[in-house]
Amino acid sequence: MPHVAMVEYKDASPKVQEIYDEILAVRGQDGLSDFWKTLAFHPPTLRRNWNQARDALSPGALDGLTKEMLYIAASIATNCTYCTEAHIALAQRLGMSDEMLGELVEIVSLVHGASALGAGYGIGQDAAVRRS
């Protein structure tokens, strides 16, 4: 449950409605997620986070699906269930298959386990993995 009141489209200021319209258009969604409606209680935060998300997730050297899958991996790693679920849905709309998700989750699981082993045993970087 958010600690602040979510701002529904009909109750939003024209400034917030403009941001909402952009989110809906870029994301190709019919409705706004609770994330954006919660951030809208403070319009500068909504604008800043939307701009960053829009710019970071737009296709560039990496395509949009790859970027969404990276977002999923980071969300799993930071244990953000909300972000994980939201970006799985976005990635599926961009063509991510169940098999792709399975491989992604397997890699995140591998990193979690390997990181625990490396940290626990104090294993540092060595010449075999450094670039020359």
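This briefing describes selected side-chain features of one structure, grouped by topic. The structure is a predicted model, in which local features need pLDDT of at least 70, side-chain atom pairs count only at pLDDT 80 or more, and totals for chains, interfaces and linings use all residues. Residues are numbered from 1 along each chain as its sequence is written, and side-chain values use heavy atoms, with hydrogens and water left out. A search of the whole structure finds seven salt bridges and four aromatic pairs.

**Terms for location and exposure**

- Helices (H or I, at least four residues) and strands (E, at least two) are DSSP runs, numbered from the N terminus.
- A residue is called buried under 20% relative accessible area, exposed over 50%, and partly exposed in between (1.4 Å probe, protein chains only).

**Salt bridges**

- A salt bridge is a side-chain nitrogen of Lys or Arg within 4 Å of a carboxyl oxygen of Asp or Glu.
- One of the salt bridges joins the side chains of Lys37 and Glu8, at 3.4 Å from N to O. This pair links distant parts of the chain, with Lys37 in helix 2 and Glu8 in the segment before helix 1, 29 residues apart.
- Lys37 is buried because its relative accessible area is 12%, whereas Glu8, at 34%, is partly exposed.
- Another salt bridge is formed by the side chains of Glu22 and Arg54 (2.5 Å, N to O). Glu22 lies in helix 1 and Arg54 in helix 3, so the pair ties together parts that are 32 residues apart in sequence.
- Asp55 is partly exposed, since its relative accessible area is 48%.
- Through shared partners, salt bridges join Glu22, Arg47, Arg54 and Asp55 into one network.

**Aromatic pairs**

- A pair of aromatic rings is described by the distance of the centres and the angle of the planes.
- Rings of Phe, Tyr and Trp (its six-membered ring) pair if their centres lie within 6.5 Å; planes under 30 degrees apart count as stacked, over 60 as edge-to-face and the rest as tilted.
- Among the four aromatic pairs in the structure is the edge-to-face pair of Phe35 and Trp36, with 4.9 Å centre to centre and 80° between the planes.
- Phe35 is partly exposed, with a relative accessible area of 33%, while Trp36 is buried at 7%.
- Trp36 forms a further edge-to-face pair with Trp50, at 5.6 Å centre to centre and 85° between the planes. This pair links distant parts of the chain: Trp36 belongs to helix 2 (residues 34-39) and Trp50 to helix 3 (residues 43-57), 14 residues apart.
- Trp50 is buried, with a relative accessible area of 0%.
- Ring pairs connect Phe35, Trp36, Trp50 and Tyr82 into a cluster.

**Surroundings of His87**

- His87 is located in helix 5 (residues 81-93), and this residue is buried because its relative accessible area is 8%.
- The side chain of His87 makes a polar contact with the side chain of Glu68 at 2.5 Å. A polar contact is a pair of N or O atoms within 3.5 Å; within protein, one must be able to donate a hydrogen and the other to accept it, and residues adjacent in sequence count only if both atoms are side-chain atoms.
- Leaving aside neighbours within four places in sequence, His87 is in contact with Arg27, Leu57, Glu68, Tyr71 and Ile72, where contact means heavy atoms within 4.5 Å.

**Surface features**

- Leu117, Tyr121 and Ile123 make a nonpolar surface patch of about 380 Å². Patches are made of residues with over 30% relative accessible area and no salt bridge; like charges are joined within 9 Å, and nonpolar side chains (Val, Leu, Ile, Met, Phe, Trp, Tyr) within 5 Å.
- Accessible areas come from the Shrake-Rupley method with a 1.4 Å probe; for residues, only the protein chains shown count as cover.
- Leu117 lies in helix 6 (residues 98-121) and, at 49% relative accessibility, counts as partly exposed.
- Glu18, in helix 1 (residues 14-27), counts as exposed because its relative accessibility is 53%.
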